Amino acid sequence: MLSRSMFAVVAVLGATAVAWPPANPSLPMADLGRMSEMSLLDIERENGCVDDGGGDGVLRVERAGTLAAPAGGAGAAADPAGAAWPPTWASTPMRGGDVPPARVVSDPYPILHSVAVDTKNERVFVSDPNRHAIWSYDRRAASRATEAVRPLTGIRGPATGMMFVAAVTVDPERQEVYSVDNDIGDRLMVFPYEATGNVRPKRVLQVPHQAWGISISRERDELAVTVEGAREVVIYRREAKGNDPPVRVVRGPKTGLGDPHGVFLDGVNRELVVANHGNQGGRQPVPGDQPRRRGGPLDAGRGTFTGGRFEEPSLTVYPADARGDVAPLRRIQGKRTGLNWPMAIAVDRKNDEVAVANNGDGSIRVYRRTDTGDVAPVRTLKGPRTGIVGPMGVDIDAVNDELWVSNYGDHTALVFARTAAGDVAPKRILRNAPAGSPTVGFGNPGAVAYDSKRDEILVPN
Amino acid sequence: MFARLANGNVGPERVIEGQATRLSRTMHGIAYDDRNDEIILPVALSGAILVFRGDAQGEAAPIRVIQGSRTGLIRPHTIAVDTVNGEIIAADPSSRAVLVFKRDATGDAAPIRVISGPKTLLLDIVGVAVDPIRNVIVASSRSRGPTGIMVFDRLADGDVAPRAYIGGPNSRLAHFRQLAIDPGTGNIFLAQQRTRPKRMDAYVAGSVGRPRQEYREPDSSEDSDFGRLTQTGFVAVYGPDDTGDIPPRAIIKGPGIRHAGAGGVALNPRTGEIIAVGGNGISTYLLPEFFQLLKRSRGPETETTPQ
């Protein structure tokens with residue numbers, strides 16, 4: 001269904017496909033990395049990701065599924081006299097049915113969430129919650145002028161099981177890409193690098209509801225997952241699958257975890273680094289070495305009801321083997337930090353720095369890895385020349401001395417010199433839609449309101 | 001915030017975002033107060049209700065915040081505003097309660113009424129709406145037990161049974177969210193994401209070492225709902241007096257609706273439009289006939305009179 005809706009919008013654009021693979025693979029990627037939205041759909045169609053009927057770009061609105069016509073014409077619709085009670089779906093007169101919308105606001109292009117760079121295999125992977133996909137590109141790919149870059153692979157379709165895919169990370173040694181679903185999927189999925197199209201994951205791990213960030217430690221052979229509402233970091237064996245339990249959980253009032261998002265399990269420095277938005281729900285979290293409680297009414301004695309509160313956003317650092325309700329070793333927090341909805345983080349072990357995708361103010365902030373307290377970042381990338389708009393993902397390429405940013409507010413991933421600061425233009429731009437294509441700015445919305453004064457539709461994200 | 005007439009791939013006209021707003025990700029409720037020109041949102045991750053000016057934009061701070069130990073808010077998911085009686089109605093799946101606050105409440109304010117308890121059938125409450133004309137509060141609640149729409153007297157307080165309940169296998173209600181009520185007719189609109197319950201979390205209540213006892217390993221056919229028309233969601237519409245295990249009286253469902261399922265629904269009775277969000281899009285349907293009274297003529301209870 002989603003494929004259909006997006007395809008219909010795209011079909012109006014009517015762009016022309018370019019040939020792929022390129023005739024001369026030795027051409028530099030900057031010249032090769034061209035595609036149109038139409039060609040992207042062609043790839044998806046070939047791979048069985050798109051079910052658009054005739055494959056000619058025309059959405060066929062089928063009325064065959066329309067349910068029974070309303071009884072009684074204008075005015076009240078009532079059950080026919082003598083009908084059995086309760087009515088069945090087949091017998092009840094039901095208005096509406098397969099009704100085409102008068103208007104649709106939808107973004108047909110990938111919207112980038114998270115980014116992970118692999119310098120060993122020269123690949124970059126991005127997660128796309130808009131199309132429930134993972135795309136990969138050559139690490140050196142760049143858009144020419146305003147055009148989009150053709151991905152090397154695109155994992156997408158019903159067999160993948162991906163829904164609102166949030167974070168992505170890679171295991172260069174085993175050439176595996178990991179993704180975690182936020183909000184509705186509650187799954188961690190592992191695909192081989194070469195996977196493309198509508199393919200089943202190599203492994204699936206059930207993870208707690210509202211999982212967001214993911215990080216693999218090669219040194220520890222473990223992976224860490226952050227969970228927003230539960231205010232916890234769950235650590236699994238790297239190869240965990242199915243219902244395998246976590247090996248430990250960091251959770252509890254001493255941890256300072258508050259609506260955690262980005263995570264980095266640093267096996268070199270033996271630390272676990274977490275980015276927190278600071279939101280604290282109405283119940284105190286149970287220490288992570290004890291079972292979580294069930295939900296329940298206020299008077300059921302299920303845990304300590306404290307009332308919610310807002311704390312300042314923070315980066316908290318724990319021992320890599322932390323377990324249960326442990327206080328952080330260090331905490332970057334306060335007005336001088338400039339933290340504002342910190343999303344993904346990346347630790348640069350070579351240069352002892354940590355980069356933060358600061359979604360709330362459209363910046364990338366870099367701190368010394370060992371900083372603590374109310375400290376200013378050592379560098380901030382921000383401003384109109386940077387092209388940073390609603391950053392969700394960040395990664396550091398210490399080999400090529402580059403910093404990657406994925407924009408949720410634009411259809412781009414940006415590559416900067418690692419030490420870039422201020423309002424500077426990126427070295428390369430990797431577009432997955434023609435420049436200037438809008439983004440709707442929401443994903444998996446669960447509510448809507450109508451503002452009758454301004455004639456506006458309000459959507460919380 | 002999008003223009004009502006926006007169509008295609010368009011960006012929002014304005015955005016409220018940033019740390020100072022105290023908003024979070026994963027917000028599943030919103031209400032607009034047209035009498036006082038305010039936007040009201042529940043923030044599940046911080047146990048709070050935020051109220052913004054109607055024209056708020058950028059990193060605007062809320063003008064009022066309801067949050068604290070007296071509020072009863074643990075993880076509020078959904079919200080409605082009663083502009084006639086000056087009340088905010090929030091529902092919280094963790095406290096398993098519908099909590100009613102004065103519209104201008106702020107800070108650590110106690111609710112003025114709470115609907116909660118085993119008689120209410122409320123558990124995972126994901127939608128709430130209020131009809132100040134017919135004096136009802138309607139909640140949508142999911143659980144492994146009663147799953148559907150519960151209708152309460154607007155002034156209900158405590159552990160009270162709903163006066164109507166729409167749910168059961170014939171209703172096909174399973175994984176739904178937001179509710180809306182047409183003030184003109186009292187018709188009840190529900191956004192359903194899919195017709196199968198969400199998979200159970202393995203470790204919500206279990207120990208670190210093993211999954212919860214009642215957890216069932218999903219079979220391979222449950223990998224995705226996409227593309228299965230029988231399992232995709234819909235917007236369902238019921239009459240104000242409906243009750244029982246019944247199908248909707250009107251529905252938006254099918255391959256042409258451009259939605260796999262709807263997570264949210266809002267109404268514009270003036271234009272006869274139903275606005276649904278789901279997947280990653282907003283769809284607006286022009287269906288003025290859905291704003292005519294959907295009347296029940298027979299059933300287990302007495303016949304009702306159209307307003």
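I began at the interface of domain 1 of chain B and domain 2 of chain B, where the rule finds two salt bridges, a salt bridge being a side-chain nitrogen of Lys or Arg within 4 Å of a carboxyl oxygen of Asp or Glu. For B:D82 I looked up the partner, which is B:R154, with the closest N and O atoms 3.8 Å apart.

I note that this is a predicted model, in which local features need pLDDT of at least 70 and side-chain atom pairs count only at pLDDT 80 or more, while totals for chains, interfaces and linings use all residues. Residues are numbered from 1 along each chain as its sequence is written, chains are lettered from A and ligands numbered from 1 in the order in which they are written, and side-chain values use heavy atoms, with hydrogens and water left out.

Next I looked up the two domains of chain B: domain 1 covers 15–116 and domain 2 covers 118–200 + 226–295, with bounds from an automatic or database domain assignment. Taken over C-alpha atoms, the centres of these two domains of chain B are 21 Å apart. I found 24 residues of domain 1 of chain B in contact with 23 residues of domain 2 of chain B, contact meaning heavy atoms within 4.5 Å. Between them the two domains of chain B bury about 1800 Å², 61% of it on carbon and sulfur atoms; buried area is the accessible area (1.4 Å probe) that two parts lose on being put together, summed over both.

I then turned to aromatic pairs, meaning rings of Phe, Tyr and Trp (its six-membered ring) with centres within 6.5 Å, called stacked under 30 degrees between planes, edge-to-face over 60 and tilted for the rest. The structure holds four of them over all chains. A:F125 and A:Y193 form a tilted one, 4.7 Å centre to centre with 45 degrees between the planes. A:F125 lies in strand β4 of chain A and A:Y193 in the loop between β9 and β10 of chain A, so the pair ties together parts that are 68 residues apart in sequence; strands (E, at least two residues) are DSSP runs, numbered from the N terminus.

Last, I looked for salt bridges over all chains and recorded 49. The side chains of A:E228 and B:R25 meet in a salt bridge of 3.1 Å, N to O, and this pair crosses between chains.

How values were computed:
Helix = DSSP H or I, 4+ residues; strand = E, 2+ residues; numbered from the N terminus.
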